[in-house]
Amino acid sequence: MKQETKPATSSTKVNWWVDIAVFAIFLVAAAPNFTGIALHEWLSVAMVGTILIHLLLHWAWLMATTRYFFTKATNQVRVNYVLNALLFIDFTLVIFSGLMISEAVLPFIGLEIVPNRAWSGLHHTSSELLIPLTGLHIALHWSWIVFTFKRYIWQPLTGRSASTPVGSIQEKVTL
Amino acid sequence: MKLLGRIFIILFLALAVVGVTVSVTDTSASNNNYRDRSFTAENNPQNESDSTNNASPTLRPERDNHHHDSFNLFGAVSILGTIAKIGLITLIVHTIGRFLKKKPGEKSSAEKTPEPENPEKTAFSG
């Protein structure tokens with residue numbers, strides 16, 4: 001009798017879907033002309049949660065890279081780390097400056113802040129910078145994005161078996 | 001508990017960024033305010049008291065006239081613009097990356113055993 005094995009829940013697959021969710025929210029939130037100001041603001045607030053999950057899912061990498069940044073880390077990892085740090089700073093600036101000129105979220109919770117040009121300017125500048133930084137972040141992870149899509153999304157749909165024992169490789173190399 | 005600690009670390013880092021930003025913004029805003037007041041006082045001494053009572057031009061609220069307050073279907077074009085920009089950057093960087101990785105005499109990617117290219121997982125695998 002053939003024993004059926006239940007596929008284990010893959011953290012890679014979870015990572016992939018969380019990343020897709022973050023990117024989708026980012027795309028919609030970055031188009032206030034499309035959503036209107038209120039939805040733009042609420043989506044940006046929702047993005048804080050998804051970014052938090054994204055960071056928590058990559059916690060092991062963050063800690064290891066922080067620890068070994070000046071010693072063991074390869075140049076590619078260092079570039080990736082610096083880019084991620086810039087992305088984190090820029091996201092924080094965009095969201096915070098956005099809250100400081102908020103017309104929907106802060107009034108909803110009963111806070112009124114008189115917006116000024118400095119916050120408005122900072123919001124626009126940092127959000128303009130966010131697009132190339134996100135592009136670079138995606139570019140550096142493009143191979144992983146494509147591979148994970150093929151392995152965990154496309155292959156199960158088409159019914160083809162995986163060509164590589166990905167799970168075992170990843171188990172071996174997980175920090 | 002561990003999870004809460006990690007969340008606090010992330011929020012603390014974000015707070016540090018916010019703190020620096022607020023201090024820089026406050027400094028530049030107060031400098032601009034001082035400059036505006038001095039300028040007004042020099043050019044129009046009788047209105048000095050008015051200028052100190054009212055907010056300076058740099059502190060006036062600004063509304064974005066080009067943003068619609070409600071949903072607008074045609075605004076979806078800007079999503080395509082963002083995707084195009086990100087796609088272009090991805091294409092350029094990925095192409096350059098592949099070009100730099102390719103060494104003469106190396107096997108083509110089809111001949112190699114496919115590996116999961118996960119820099120985050122494989123960074124320190126040795």
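**Figure 1. Residue B:L4 in helix α1 of chain B****.** In this predicted model, B:L4 has a relative accessibility of 46% and is therefore classed as partly exposed. The residue belongs to helix α1 of chain B. Between the C-alpha atoms of B:L4 and B:K102 there is a separation of 44 Å, the two residues being 98 residues apart along the chain.

**Figure 2. Helical make-up of chain B****.** Chain B contains four helices and zero strands. Along its sequence the order of elements is α-α-α-α. The chain has 126 residues, of which 21% count as buried.

**Figure 3. Residue B:T82 in helix α3 of chain B****.** The relative accessibility of B:T82 is 5%, so this residue counts as buried. When neighbours within four places in sequence are left aside, the contacts of B:T82 are with A:F26, A:L27 and A:I131. Both A:F26 and A:L27 also take part in the contact that α1(A) makes with α3(B), shown in the next view.

**Figure 4. Packing of α1(A) with α3(B)****.** The two axes cross at roughly 125° and come within 8 Å. The arrangement of α1(A) relative to α3(B) is therefore oblique. This crossing of α1(A) and α3(B) is right-handed. On the side of α1(A), the contact involves A:F23, A:F26, A:L27 and A:V28, while α3(B) contributes B:I79, B:T82, B:I83 and B:I86. Classified by residue type, the contact of α1(A) with α3(B) comprises seven nonpolar residues, one polar residue and no charged residues.

**Figure 5. Helical make-up of chain A****.** Nine helices and zero strands are present in chain A, arranged along the sequence as α-α-α-α-α-α-α-α-α. Chain A has 175 residues, and 47% of them count as buried. Among the contacts in chain A with a separation of 6 or more, 63% join residues 24 or more positions apart.

**Figure 6. Packing of α1(A) with α3(A)****.** Helix α1 (residues 11-29) and helix α3 (residues 37-57), both of chain A, pack at an angle of about 155°, and their axes are 9 Å apart. Helix α1(A) is therefore roughly antiparallel to α3(A). The crossing of α1(A) and α3(A) is left-handed. From α1(A), the residues making the contact are A:V14, A:N15, A:V18, A:D19, A:V22, A:I25, A:F26, A:V28 and A:A29. Those from α3(A) are A:H40, A:L43, A:S44, A:M47, A:T50, A:I51, A:I53, A:H54 and A:L57. Divided by class, the contact of α1(A) with α3(A) holds 12 nonpolar, five polar and one charged residues.

**Figure 7. Packing of α4(A) with α5(A)****.** These helices pack at an angle of about 115°, with a distance of 11 Å between their axes. Helices α4(A) and α5(A) are therefore roughly perpendicular to each other. Their crossing, that of α4(A) and α5(A), is left-handed. Helix α4(A) supplies A:W61, A:L62, A:T65 and A:T66 to the contact, and α5(A) supplies A:V77, A:N80, A:Y81 and A:N84. In the contact of α4(A) with α5(A), four residues are nonpolar, four are polar and none is charged.

**Figure 8. The largest nonpolar core****.** In soluble globular proteins, nonpolar side chains tend to be buried together. In the present model, the largest nonpolar core has 33 residues. The residues with the most contacts inside this core are A:F26, A:M47, A:I51, A:L55, A:F91, A:L130 and B:I10. Two or more residues each come from α1, α3, α4 (59-68), α5 (75-100) and α7 (117-140) of chain A, and likewise from α1 (2-43) and α3 (77-101) of chain B. The greatest contribution to this core, seven residues, is made by α5(A).

Definitions and conventions. Residues are numbered from 1 along each chain as its sequence is written. Chains are lettered from A and ligands numbered from 1 in the order in which they are written. This is a predicted model: local features need pLDDT of at least 70, side-chain atom pairs count only at pLDDT 80 or more; totals for chains, interfaces and linings use all residues. Side-chain values use heavy atoms; hydrogens and water are left out. Axes are lines fitted to C-alpha atoms, for helices over the stretch in contact, and angles run from 0 to 180 degrees between N-to-C directions. Angles under 35 degrees count as roughly parallel, over 145 as roughly antiparallel, 65 to 115 as roughly perpendicular and the rest as oblique. A crossing is left-handed if the near helix is turned anticlockwise from the far one by less than a right angle, and right-handed if clockwise. Contact means heavy atoms within 4.5 Å. Ala, Val, Leu, Ile, Met, Phe, Trp, Tyr, Cys and Pro count as nonpolar, Asp, Glu, Lys and Arg as charged, and the others, Gly among them, as polar. A nonpolar core is a set of buried Ala, Val, Leu, Ile, Met, Phe, Trp, Tyr and Cys residues joined through side-chain atoms within 4.5 Å. Buried means under 20% relative accessible area, exposed over 50%, partly exposed in between (1.4 Å probe, protein chains only).
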